[in-house]
Amino acid sequence: MSTYINAWTLTSCIGAGLDETRKTLKQNLSGLQSNDWPGADIDCWIGKVNDDLLQANTPVAHWNSRNNRLALTGLQHDRFDELVKAAINEFGNRRVGIALGTSTSSIGRTENAYTCLETDESFNSLYQQSDIHTPHSTGAFLADHLCVSGPCVTISTACSSSAKAFATADRWIKADIVDAVVVAGVDSLCLSVIHGFNSLQLVSEQPCKPFDIERSGISLGEAAGFALVSRKPSDQNIRLSGYGESTDAWHMSTPHPEGLGARLAMEQALARSGLQPDDIGYLNLHGTGTRANDESEGGICASLFDSSLRAAATKGFTGHTLGAAGIVEAIFALEAVTEGLLAGTANTKDGDTAISDRLIRQTITADVQHAMTNSFGFGGNNCTLIFSRDAV
Amino acid sequence: MKIAIKGIGLFGAGASSWSDFDDWRKGQSKSPEKLPTPEIIPKAERRRAPRTAKLAVEVAQQACEMAGQNPGDIASVFTSVLADTEISDQMCRALAQPVKVVSPTRFHNSVHNAPAGYWAIGAGNHAPCTFVSAFRESIGAGLLEAAAQAIAENRPVLLVMYDIPNKLPLSDVLNIDSDFAAAMVIEPTAAEAGTDNAPIEAQVINSILELKLNSAPAEHVKPVSQTLRVAAEENPSAAILTLFEIIAGQSPLTSLWSLTRQSSLEVKLVCD
């Protein structure tokens, strides 16, 4: 039995929906802009989704937060809302679930609420939103908005969150808990992440340049990505052919120097899919642009794959969208196996890691049957996914 | 779905381990005097480890010990209703100031998988590890995720749940008055899949549970014991005490966990 990926959509700083996203990727245009986030007086670049677009998709007051506005905006594109309704009609709303990956959830709204607490320390009436100030804010909002009543869970393992949501969906389908799952990843910019990553000296003053000799850290971004997965294939016949999950057991905020957890995740994903490294036609690396990540990930990928590999690190386009990064880059892998669109490594000029010779710099088109994507998070939490297109 | 419970870890207002459960249930136990200091967290990390990590790692370690399970190779699912409200509160207060000073340690501890990270680092564990949450439905979501992993991956899974006391404004969301953490070592049953069991003598308990998804909403079933009822009102993760009463043979009930507003998870003891 297989788990099929039948539809997807992405909204990030490089576009709302797939048409805009593909166009920006083909033009090799980064979506990063100089930081103008209110209250974050830090010299850096951010990947921000247009505020007016988010305002136009404001849910009812009870559910209002930037993260939920971003989720609602994302659902409006590529007929995703309609396709979920069609899945509910086909399987029944109790046989459709939601697996959301997010690290921020609506904490940005909670941050705002703390600036105007009442004298007794309670929330001001504008912010009395009990479903918002919790890790599950966006998961609960999606279930309510989409009228899905199967299991709905928020997965929060930092930057691997929405990659792991695909593994959870696969298990739910295989254990016959549901017939279809809305896999989501929604993370939004907020003070916690900009100031937090800055406190760890991981934020670059320039647009991030993954794997570049001059790389100096990440650029933060935000995104909403959705995929509709099902036990029944669509005409495109795209499968989640493998996943691998592992833990570094090394450090809370630094990857294992030799990429031990990364290797375990990639090897498991390959074993599960029955594929060899040579079969992978496109590898979307985690590639954050920090010295440590790119060094260890580049090293381990160079030893696993031979020189014919086509790899890319796409955070120069979108910024690091944290809990959403897994699904953003899963969607780039899906675009590779369906559209033959291989997103390149924006901003990067001179590579200095072991994998540099295998990096595609510009976005290209090529026929790809199997694509892999890596997502690694704080706490040493790793997830690798492989998507495959089978001949119909 | 059938799963076996092989070990239980417990820390709460009336218990510092599973061996205190019976006294707690009868209202005859004392409150632990201080937070646990689990050996698995190395000394150098203990100072940095947040309250949630100390609680979660303690019960995780207890459950593995009872099950005779090596803590270094078991997959894990962590769950919490509100997660680390102490750190969210500190971060939000710092960010509400005109000059925003965020401690790097506090920031990396603010990820919801921080307790899972401390567990993995301390136990030297490279197995899959996740954090799931579903607000008031978190216990149901955690049970479902752990059971689905045990069955689909055919391996033991450690389920850990915890919540800590909070204060205004976050207590406006859901008031939590006391610490609670619990863990269970879950294995697929022989009927579901082949098992790679720990030595038989180490199996202090071996309760087989059957999990069923219901297409109807449900209220969490409350514990029978009055003392445990109070504990479950003080801390949402302590709602698991209902299941512990059933496992301990002290309740004839079937436990029912709300999963969403329209569905629930029914958990029934099959045999012991």
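Predicted model: local features only at pLDDT ≥ 70, side-chain atom pairs only at ≥ 80, totals over all residues.
The crossing of α9(A) with α10(A) is right-handed. On the α9(A) side, the contact is formed by Ala262(A), Arg263(A) and Met266(A), while α10(A) supplies Ser296(A), Glu297(A), Ile300(A) and Leu304(A). Sorted by class, this contact comprises 4 nonpolar, 1 polar and 2 charged residues.

Helix α7 of chain A (residues 161-174) packs against helix α7 of chain B (residues 138-153), with the axes 9 Å apart and at an angle of about 70°. The helices α7(A) and α7(B) are therefore roughly perpendicular, since that description applies to angles from 65 to 115 degrees. Chain A contributes Thr168(A), Arg171(A), Trp172(A) and Lys174(A) to the contact, and chain B contributes Glu145(B), Ala148(B), Gln149(B) and Ala152(B). The classes here are 3 nonpolar, 2 polar and 3 charged residues.

| Helix pair | Axis separation | Angle |
|---|---|---|
| α7(A) and α7(B) | 9 Å | about 70° |

The wider boundary between the chains can now be described. In chain B, 55 residues are in contact with 58 residues of chain A. The elements of chain B that each give two or more residues to this side are α4 (85-95), α5 (104-109), α6 (114-123), β3 (129-133), α7 and β7 (255-260). Helix α7(B) provides the largest share, 7 residues. By class, the side of chain B that touches chain A has 33 nonpolar, 17 polar and 5 charged residues.

Chain B as a whole contains 9 helices and 8 strands. Its radius of gyration is 18 Å, close to the 19 Å that the globule rule gives for 272 residues, so chain B is as compact as a globular protein of that length. Along the principal axes, the C-alpha atoms of chain B fill a box of roughly 60 × 40 × 35 Å. Of the 272 residues in chain B, 59% count as buried. Among the contacts in chain B between residues at least 6 apart in sequence, 72% join residues at least 24 apart.

Technical notes: Residues numbered from 1 in each chain as written. Chains lettered and ligands numbered in written order. Left-handed = near helix turned anticlockwise from the far one by under 90°. Helix = DSSP H or I, 4+ residues; strand = E, 2+ residues; numbered from the N terminus. Contact = placed C-beta atoms within 7 Å. Nonpolar A, V, L, I, M, F, W, Y, C, P; charged D, E, K, R; others polar. Axes fitted to C-alpha atoms, helices over the stretch in contact; angles between N-to-C directions. Parallel < 35°, antiparallel > 145°, perpendicular 65-115°, else oblique. Rg over C-alpha atoms; globule rule 2.2 N^0.38 Å. Buried ≥ 20, exposed ≤ 12 C-beta atoms within 10 Å, placed from the backbone.
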